[in-house]
Structures are given as structure tokens and as C-alpha cells.
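Please keep the structure open beside the text as you read.

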Amino acid sequence: MGSWEKSLADPYKVGQADTTYFAHTSPMETPAASTSTSVSQPINPGEMAKFVERVNRLSIGKSQNIRKGEPWFEDGNIVLITTREDSTAFRVHRGVLSRQSEIFNDMFQMPQSLTDVTATYEGCLVVNMHDLPSELSNLIKALYDGPTFSNNHPNGFFYLAGILRLATKYFIEHLRQSCIQYLRQTWPSTLKGHDDMVELALSSPTVNDLTFPYVHPLHVLNLARENNVNSIIPSALYFLSLYSLSGILHADHPKLLLEHPSKPSSMLSPSDVMLYSLMYQHRLQIMENFIREFCESRATQPKCGAPGMSLCRKGFTKLVSQLYRSCYLRTGPLHFILQAIHKINHGGVVCEFCSLEFFQSAERLRQEIWDELPTVAQLPPWNRLD
Ligand SMILES: [Zn+2]
């Protein structure tokens, strides 16, 4: 089962594990009850009343260990209680959440196990949620008020990670798409998006000694894998390939050491070690081809056909020399080529014809490199990525 199928299956799995289904009754109208562990038979109203009293009594005791979370609507009619980390309760409106998610709708139709002492809380039906309290809190707030994404602080990414995780799990497609659209601003699917992101990275201030983007591409990659968001994977892999493999495997980069409950895994999976290596090699190959073939061919024989040691030959020879000196293992070729274009176009070192020809050819090359990234990541082309 792939990660996408698995994530889809989870909500149902949770429901089956924690909810006793009643085949012949409408759960909300007739929450059949029994003090035995078998609850598959309908119960008469007298026994039902005794059960409700028992559950209410028990739930009062239990509720002392339950923390009221945010949001908590006094007029809410259903209480979601997390079972991970600590028990946090959220009083919400069943109809509001049900209309956003078919999974919620199904879950709220089913009474929780009637042997569960938390079956009611302040008179409301309780639904147990196997989610982190902070992530569930943020999801509910996003459903009521809209998400509040931000990329100017490390926590902005972790907030989005929690929303994306639960939006995927509970099939809340519009919220999932909002997360993906926001992620694409920093982990783009277009060349222009890439250039804008690099410009932003170069002009953004450090936050807590971290540079923009304030998240490690490994976390982005793992979040994408976890939630089957393929469209950000080529970009995340490209930027990840700017880091050394040993550094990634040690997972000791300050961005990977950040603590947050919604932090994705800091481990590079074996299949992504392979893709990282392919991307790393691909990137270095691009650099070599660009300097040795693309630029040196112009230094040897300028496109304008200038003979001898003309201006254009000298100009391109100087460029090649500069490129060799400024090329490092961690250089991103897309920005590197852009810098070369600026050097030629604004340096006045070649003729106008060569300048224009270099600009057009180098931009075409950059677009080809960009278009090829999904293939290196072993994914379909950009226009077929979700
Ligand atoms: Zn020329």
C-alpha cells in the first residue's frame, strides 16, 4: 500500500479501532448500551437510561484529566478528545465539521464505544481523535476561520505541516489545496517561482540564526512524501542536493534540530538517498556542461563570428575563468547561469549580438533544466504533478 493509500485508509482504521458500529440502529437517536463488552444488540430504553447515567457519572471523573482546548464553543454539540500526548477536548459544531469532510461526517454518525467512559462530556457526544492536540486545534480553527499561513518563521512551516497532515487524513480537499498552493510559493513548480524564491532567500533576514527558507528541504521532502504532494518534490530535492549527504545523514543541521510536535521526519529514506544522489550528480553535470561546452564554445568561436582575439572572444574567456572560480559543489546551477547572463548582459564585454544570443540561449537552457527536474526525481512532468 502506497503512502497516499495508507493516509487515506487511516481515518477508517481509526474509526474501526475505536468505534463500535451499530448495524440496526441510528446511533444518535438510539445509542444502544450495555454494561457488557458486547454491544451489538439493540438495548431497550430502560437499560439505555441506566447506561447514560453510568456513562455521565464515569465521564465526570474522567473529565478531570481532560484539558479543555481551543476552540471550545459553549454552544457546540460534539466534543472531540485527542488520545495522543494528552487528552485535550474541543467542543465544536457537528454540522460545521461534517460539511467540510466526509470522514468527519461518517465518524460523527457513529457513536464511540459505549464501554468507553468518555462517551459523553458535558452532555455532548464524544469522538476520540488519534491526532496531536496542537494539530487538531489548528485544523479546527482553520476550518472555522481559515488557515493563517506564514513563511517568515520556522513555526510557519510546522503549522502548515500539521494542517496538511490532517486535511489529507480527513479528506478536506480545499484545505489540502490551500496548503499545497502555499508550499509552492517557496518550493515552486515554475522557473520564475524558483528565481523569485532565490531572490527572497538572498534578501530575507536571518531568524534565530536561520536563513530563509526557515525550513530544511529534507523536512519539506518528507512532508511531501508523507502526504503525497508530488508537485513540491522536484524543487525540494533540487535544494536538498545543495547540502552534503554526510550532513543530511547526521541530521545535525540547526534547521533539522528545531523542536516542534508537527516536525516531519529528519531521516532521508533509502529511496530518497538514491534520488538525492542522482540529483546531486545531475546538478554537477549541468555545471560542467554549462562552463565547458556552453560558455567555452563561445570563447573559442563567438556566435557573431568575430575573428582572432576580438572583444567577444576575450569577453567569453573572461566569463569562463570567472565561472570556474565561483563554481562550488554547493552551487545551484539555475541561479549560477542567471548570474552568468547578468555578467554578459551588463558587463559590456561582448557585442550586442553575442549578448542577446547568450541571453536567449542561456534562458532556454535554464528552462530545459527546470523542465527536466521531475524526471530526475523519477516523477511525471510538471504539468502532470498535482
Ligand atoms: Zn560578438
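## Helix packing and backbone details

Pro333, Leu334, Ile337, Leu338, Ala340, Ile341, Ile344 and Asn345 of helix 14 are in contact with Ser355, Phe358, Phe359, Ala362, Leu365, Arg366, Ile369 and Trp370 of helix 15. By residue type, this contact between helix 14 and helix 15 divides into 13 nonpolar, 2 polar and 1 charged. Please bear in mind that the model is a predicted one.

Helix 14 covers residues 333-347 and helix 15 covers residues 352-376; they pack at an angle of about 175°, and their axes are 10 Å apart. Angles over 145 degrees count as roughly antiparallel, and helix 14 and helix 15 are therefore roughly antiparallel to each other.

Helix 14 has another partner to look at. Helix 13 (residues 311-325) packs against helix 14 at an angle of about 150°, with 11 Å between their axes. Helix 13 and helix 14 are therefore also roughly antiparallel to each other, and helix 13 passes helix 14 in a right-handed crossing. The residues that meet are Leu319, Gln322 and Leu323 from helix 13 and Ala340, Lys343 and Ile344 from helix 14. They divide into 4 nonpolar, 1 polar and 1 charged. Ala340 and Ile344 of helix 14 are also among the residues that meet helix 15.

Now turn to an earlier part of the chain. Helix 9 (residues 217-227) and helix 10 (residues 233-240) have axes 9 Å apart and pack at an angle of about 150°. That makes helix 9 roughly antiparallel to helix 10. Here the crossing is left-handed, as helix 9 passes helix 10. On the helix 9 side, Pro217, Leu218, Val220, Leu221 and Ala224 take part, and they meet Ile233, Ala236, Leu237, Phe239 and Leu240 of helix 10.

| Helix pair | Packing angle | Distance between axes |
|---|---|---|
| Helix 9 and helix 10 | about 150° | 9 Å |
| Helix 13 and helix 14 | about 150° | 11 Å |
| Helix 14 and helix 15 | about 175° | 10 Å |

Let us step back to the whole chain. It has 15 helices and 5 strands, and 35% of its 386 residues count as buried. Among contacts with a separation of 6 or more, 65% are between residues 24 or more positions apart.

In soluble globular proteins, nonpolar side chains tend to be buried together. In this chain the largest nonpolar core has 78 residues, and Leu80, Ile163, Ala236 and Leu237 are those with the most contacts inside it. Helix 6 (residues 154-169) gives the most to this core, with 9 residues.

Most residues other than glycine have a negative phi, and most peptide bonds are trans. The bond from Glu70 to Pro71, however, is cis, with omega near 5°; Pro71 belongs to the loop between strand 1 (67-68) and strand 2 (78-82). Phe212 and Pro213 are also joined by a cis peptide bond, with omega about -10°. Pro213 is found in the loop between helix 8 (191-203) and helix 9.

Positive phi values occur at Asn228, near 55°, and at Gln378, about 60°. Asn228 is in the loop between helix 9 and helix 10, while Gln378 is in the segment after helix 15. Is Asn228 buried or partly exposed? Asn228 is partly exposed, because 17 other C-beta atoms lie within 10 Å, whereas a buried residue needs 20 or more. Gln378 has 13 C-beta neighbours inside 10 Å and so counts as partly exposed.

A last stop is Ser244, in the loop between helix 10 and helix 11 (245-250). Ser244 has 13 C-beta neighbours inside 10 Å, so this residue counts as partly exposed. Ser244 and Arg330 are 86 residues apart along the chain, and their C-alpha atoms are separated by 8.0 Å.

How values were computed. Residues are numbered from 1 along each chain as its sequence is written. This is a predicted model: local features need pLDDT of at least 70, side-chain atom pairs count only at pLDDT 80 or more; totals for chains, interfaces and linings use all residues. Axes are lines fitted to C-alpha atoms, for helices over the stretch in contact, and angles run from 0 to 180 degrees between N-to-C directions. Helices (H or I, at least four residues) and strands (E, at least two) are DSSP runs, numbered from the N terminus. Angles under 35 degrees count as roughly parallel, over 145 as roughly antiparallel, 65 to 115 as roughly perpendicular and the rest as oblique. A crossing is left-handed if the near helix is turned anticlockwise from the far one by less than a right angle, and right-handed if clockwise. Two residues are in contact if their C-beta atoms, placed from the backbone, lie within 7 Å. A residue is buried if 20 or more other C-beta atoms lie within 10 Å of its own, exposed if 12 or fewer, and partly exposed in between; C-beta atoms are placed from the backbone. A nonpolar core is a set of buried Ala, Val, Leu, Ile, Met, Phe, Trp, Tyr and Cys residues joined through C-beta atoms within 7 Å. Ala, Val, Leu, Ile, Met, Phe, Trp, Tyr, Cys and Pro count as nonpolar, Asp, Glu, Lys and Arg as charged, and the others, Gly among them, as polar.
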